[in-house]
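Thanks for coming, everyone. Let me bring the structure up, and then I'll walk you through a few spots.

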Amino acid sequence: MSKLTANQRFLLDHPWCAFCGGTEPAVEPEHCPPRSFFQHRQWPVGFEFPICKSCNAETSDDDLLIAVLGRMNPFDDTFSADGRTPGLRKGVNTQVDKLLEEMMPSTTREARQINRSLVISPPPGYLHRESGVLKIPRRVHVAVCSVGRKLAKGVFYKYSTGKAFPKDGTMLLSWYSNVELIRHGTYQALEILKSLPADAPEIYRSGRDLRNQFECAVTLRNTDLLLQARFGLGFALIVRGSTKPGYLEQLARDPIDREVAMVLQSSTLPIYSL
């Protein structure tokens, strides 16, 4: 008798999809955050979740975009040390209809305005358009929502001992680009939440600490979920979820920082609405 592969063993332990309510059979493990985001193919242990065929087909472009977005460092090239970032950027530009070109300021005037709003001066000999500032089109928001939803449902599955987040539950997301780091030196919303009790899982592979690339904190109480996550120096997100139908729909704004939240899942609100 042949030995089972690692994927086959995983599916024996996790036979149902964690992302669509636990009603569809899982076909493989899904890594979230995506493996391509991490340097030198060293992704964290324990962040793989069972996914069905339908859910797996929905987010491949989003995973690629998040890998590039999370590797963006406004201060140095730390997160490009493995040499894979240029190839990932090329893949994004090809697969997501020249998205990176859309993110670039179209004129020097536009780049100058963005730099001034961030109190950025280009290095000597560089133009404002060469200083690395980017616009954030809606397609980027959708990718962050997609991966944020997967991560939130994955950690819910992980911390509720194999229970999938219900289809009639609600999830809201707020996210923050590294403009926050440039302006304030930190993600202020995450600082506000530091005082809340939360579980911060180890992020490691082969004894190597990967928290410089990814960190998260999870609070799961009764019907409520709160996820905080930081993707390198690229961006951070907060997801609030409730398994109680209709509970979060009444909140037009995120109660944490009063910024408009994006809807990840709801039985009454339009998905990804701002």
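I'll start with one threonine and then move to some backbone features. Keep in mind that this is a predicted model.

First, T170. Find strand β3, residues 170-177. T170 sits in that strand. Buried or exposed? T170 is buried, because its relative accessible area is 0% and the cut-off for buried is under 20%.

What does the T170 side chain pair with? The partner is the side chain of E249, through a polar contact of 2.6 Å. Now look around T170, skipping neighbours within four places in sequence. F165 is in contact with T170.

Next, the loop between β1 and β2. Strand β1 covers 28-31, and β2 covers 48-51. P33 lies in the loop between them. Check the peptide bond from C32 to P33: it is cis, with omega near 5°.

Stay in that loop, because R41 lies there too. R41 is not a glycine, yet its phi is positive, about 55°. How accessible is R41? Its relative accessibility is 55%, so R41 counts as exposed.

Last stop, T161. Helix α7 spans 138-159, and T161 is in the loop between α7 and β3. Here is another positive phi in a residue other than glycine: T161 has a value near 55°. T161 counts as exposed, because its relative accessibility is 73% and the cut-off is over 50%.

Key:
Residues are numbered from 1 along each chain as its sequence is written. This is a predicted model: local features need pLDDT of at least 70, side-chain atom pairs count only at pLDDT 80 or more; totals for chains, interfaces and linings use all residues. Side-chain values use heavy atoms; hydrogens and water are left out. Helices (H or I, at least four residues) and strands (E, at least two) are DSSP runs, numbered from the N terminus. Buried means under 20% relative accessible area, exposed over 50%, partly exposed in between (1.4 Å probe, protein chains only). A polar contact is a pair of N or O atoms within 3.5 Å; within protein, one must be able to donate a hydrogen and the other to accept it, and residues adjacent in sequence count only if both atoms are side-chain atoms. Contact means heavy atoms within 4.5 Å.
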